[in-house]
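Please have the sequence and the model open as you read.

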Amino acid sequence: MISRWLSVSIIFTFAVAGCVMDNSLPGRMPEPAEKAASGPRKVLISGIIHHFSGDFSRRLEDLCRCIDRIAERAAKEYPGRGLDLILAPEGAVCNAGSNAEERAADLEQTVKVIGAKAIKYHTYIAVGILFNEKTPEGKSLPRNAVALIDRDGKLAGLYFKVHPAFNWDDDAPGVLEDGTVPGEDFPVFQCDFGRVGFLICYDMAYTDGWMKLRENGAELIGIASLSPQTLRPAMFAHLNEYYVFTSTPRNNASVFDPLGFTVDQTVGNEGETLCEIDLSFAILQWSPSLDNGRKFRNAFGDKAGFRYSEREDCGIFWSNDPGMPIGEMVKKLNLRYRNDEEQRAAELRAGLLRR
């Protein structure tokens, strides 16, 4: 099915390279036991901190250099492992101009150039890009987007920023981001390692995107941004129990786990995060038998991994054993997921109030 987020003209443009498929999925929020049911799903992700400037060609060259640097680092730190997803900041690829339509970049050329890097390093690459979407009537719609390119170098999907920021220029009332046309939905894309969603900068300020991505079963959220915020990404990672990572032009790029903890971060004006996460995990609340997570280490040794916070009285746990999912470990230790404990307490409370 051709994506409803892609215009007819874009489809024709990419016809020679193969069909652009609708990789966006409806979904539902998985139960805690479902998140823990599969074996280890290790995913190596990277967010970029870099100030992209200049015209389209220069920005594209800069992005290629960033990707090469990340791949070189990944090869040293994770030999034989391979990258899974690189995220570039909002508008990393655009052009010079006084309004959104003039600043629009060449989407086809971007996919061609960055797609070659995706093939070379066998990774997905998500690019913040401003481009003109052509309607069937020939009208140009300037779009602030994330273009997801798959391991085969093809365009796997587009997310259009739903909440463009208002113009700071008082001479342009009623205009969003110099004429950017907002998107309407928050698609979740099926990658070979899991379900991924994206937000762009000002989207972070609204709850609808965070909630919709959760409802559709997103496991990992990439934030392509100009604003290097950490509080909102950490908060919504915790509330929705998914991983969030950011890519920005300044201050920091970060990775937050489903408890809202910062698990990787680079600060300054140049660099990248490089973090291996596991999308099959269990969140457990404090209990006497858990012993602050040590029960897993005593029972399974290095076959289990975890981060536990005595301050927050909870931890996230994962399996390093392909033959034993983390859910099976939880069951063997006769432990309950945090959500199950909260639901059980609520049911008991409701029963007492009905007496």
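1. Two strands count as paired if DSSP finds at least two bridges between them. Helices (H or I, at least four residues) and strands (E, at least two) are DSSP runs, numbered from the N terminus. With that in hand, look at the hairpin formed by strand 16 and strand 17: four residues lie between them, and Asp313 in the turn has a positive phi of about 55°.

2. This is a predicted model, where local features need pLDDT of at least 70, side-chain atom pairs count only at pLDDT 80 or more, and totals for chains, interfaces and linings use all residues. Residues are numbered from 1 along each chain as its sequence is written, and side-chain values use heavy atoms, with hydrogens and water left out.

3. Strand 17 (residues 314-319) is joined to strand 15 by four antiparallel bridges, with Leu284 opposite Gly315. Six bridges link strand 17 to strand 16, and there Gly305 faces Trp318.

4. Now turn to helix 6 (residues 207-215), where Gly209, Trp210 and Leu213 are buried. Seen down the helix axis, the buried residues fall within an arc of 100° (taken from the directions from the axis to the C-beta atoms), so they line one face of helix 6. After the helix comes Gly217, with a positive phi near 80°.

Conventions
Buried means under 20% relative accessible area, exposed over 50%, partly exposed in between (1.4 Å probe, protein chains only).
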